[in-house]
Amino acid sequence: MNIYLAEFIGTAILLLMGGGVVANVVLRKSKGEGADWIVIAIGWGLAVTLGIYAVGNFSGAHLNPAVTLAFAVTGDFPWSQVPGFIIAQILGGIVGAVLTWLTYLPHWRATEDKAAKLGVFSTAPAIRNYTANFITEIIGTAVLTSALLFIGTNKFTDGLNPVIVGLLIVGIGVSLGGPTGYAINPARDLGPRIAHAILPIHGKGHSDWQYAIVPILGPITGGILGAVIYRLFFQGTFDVWTIVAVVLLVGTLVLGSILNKKIKHEDFGAI
């Protein structure tokens, strides 16, 4: 199988199963309506595991632009393939979200809550504070990418790695997912957000593009930072990527501060 097709299929599986568990919990009249956060966290973990099992032998199953960038920074993945991987992942995210929409087709009409409908597709913060939201996504994604590199240095029983990674996702979800819904993956948020914007979902609201920068830039920054932390402390490597990660981190936090001021200004102007 072509590596780009593999990333597309793997990410589509990820979003079908991951978006599906959220839909099952939040949409009205679903059999799983009202289940708790742990169900969502486990569902996403299993979604990642299935996606890796499906295409891991073909592309390595990054399924996440932040992971692709992290592996490129460490030298484990060629930069020439990065653009193609990211495009395939975003397209897979769109298709997986469309399949989720089709799976729960009657339930969109039965659900009045516009935020719940959007939540099936993309993340939103519990408290909107751009600086804090960026920090959460950066930390969560840095944990993800550094942990993936840790896992790569250990030997497990053949075929067990996808399960370990799935458990990692569950762990991040239950421990760090509360503030922002733990996107930790730009394709997981951007692809489905695009799908939400273009699909004829009954009674939907806006797609909250104002927040979309957080689950894109936050995970990219965190993914690179996780790779740099691994290289710096476990391989003793300090190079230009260390400086890039610091600059990217500072720039992201400054942007968060600017966006917070913009919101306060808009709120003041509305009074």
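Which side chain does Arg-193 meet in a salt bridge? The close-ups below take up this pair and two others, all from a predicted model.

**Close-up A. Arg-193 and Asp-189 in helix α9.** Here is the partner: the side chain of Asp-189 meets that of Arg-193 in a salt bridge, with 2.8 Å from N to O. Both residues belong to helix α9, which covers residues 186-198. Because they sit four residues apart in this helix, about one helical turn separates them.

**Close-up B. Arg-28 and Glu-33.** In this view, a salt bridge links Arg-28 to Glu-33, and their closest N and O atoms lie 2.6 Å apart. For Arg-28 the relative accessible area is 38%, so this residue counts as partly exposed. Glu-33 is also partly exposed, with a value of 35%.

**Close-up C. Arg-231 and Asp-239.** Asp-239 is the salt-bridge partner of Arg-231, with 2.8 Å between the closest N and O atoms. Arg-231, in turn, is buried, with a relative accessible area of 10%.

**The wider picture.** How many salt bridges does the count come to? The total is four, among them the pairs Arg-193 with Asp-189, Arg-28 with Glu-33 and Arg-231 with Asp-239.

Technical notes. Residues are numbered from 1 along each chain as its sequence is written. This is a predicted model: local features need pLDDT of at least 70, side-chain atom pairs count only at pLDDT 80 or more; totals for chains, interfaces and linings use all residues. Side-chain values use heavy atoms; hydrogens and water are left out. Buried means under 20% relative accessible area, exposed over 50%, partly exposed in between (1.4 Å probe, protein chains only). Helices (H or I, at least four residues) and strands (E, at least two) are DSSP runs, numbered from the N terminus.
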